[in-house]
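The stops below are given in the order in which to select them.

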Amino acid sequence: MSKARRPLVLYALPQSPYCAKVRAVLRLKGIAFEEREPPGGSYQTTDYQALVAAGSIPAISVDDWVLHDSQAILEYLEELVPEPSIWSPDLRSRARQRSLVHYHDTRLEPATRELVKYARQPVSPEREHQVDLVKDRLYDRLFRLDRMVTPAPWLSGETPCAADWTYPPTLAIAEELLAATRRRLDLPPALAAWFQQASLDPIVATELATVRSAIRAWLSREAPAPVH
């Protein structure tokens, strides 16, 4: 008799947009998984790093085989369950979609995360000045993204791709953190329309609710700080 295959384990935290995009793709593809917080509730614990040597989240474990890095996990899931695909069948479109996800991971999300250090600070002229500088950098990233895409209605065409699961949680986090500093997230019109539509998708809506709840708990000092 063959050994029973154990379910895929996802190590994740609710406040991480990188975990959110992996959860979204798992649900999109109908892959059964068991979600666990890192031992001790942090990716910095020695117990977690004994499991995941990279010491980062998200990570997955399949029959004692461990994979970290959200983008590597998405590529693994795509090959494991090819349909529905998170990429265009067209070579050039697929390359552009991957570049959008990379832009999020290396440009937009880090700019959003800069707001974390100021969201719970007491109001002061120095804090207000620093928040404005961070907001300007965030808006620079958003305006560049706006020039990179022409939603129709999804970011790269008529059907959603990995980028459509990647950006919404980070934008929701940006909204919450900016609101905590008495500011608004004002997206360019095309991105605003896309974000509104994407938010109606059941999978996206679930992830948005998860990250918003986690960020609000942190802002009310009921949870650990947001993590990447």
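A charge counts as sitting over a ring if NZ of Lys or CZ of Arg is within 6 Å of the ring centre and within 35 degrees of the ring normal. Select Trp-87 and Arg-98: Arg-98 lies over the face of Trp-87, 4.6 Å from the ring centre.

This is a predicted model, in which local features need pLDDT of at least 70 and side-chain atom pairs count only at pLDDT 80 or more, while totals for chains, interfaces and linings use all residues. Residues are numbered from 1 along each chain as its sequence is written, and side-chain values use heavy atoms, with hydrogens and water left out.

Tyr-139 and Phe-143 both lie in α6, four residues apart, about one turn of the helix. Their ring centres are 5.7 Å apart and their planes stand at 80°, so the pair is edge-to-face (rings of Phe, Tyr and Trp, the last by its six-membered ring, pair if their centres lie within 6.5 Å; planes under 30 degrees apart are stacked, over 60 edge-to-face, the rest tilted). Tyr-139 is buried at 12% relative accessibility, whereas Phe-143 is partly exposed at 38% (buried is under 20% relative accessible area, exposed over 50%, partly exposed in between, with a 1.4 Å probe and protein chains only).

Finally, move to α3, residues 70-80, where Ser-70, Gln-71, Ile-73, Leu-74, Leu-77 and Glu-78 are buried.

Key
Helices (H or I, at least four residues) and strands (E, at least two) are DSSP runs, numbered from the N terminus.
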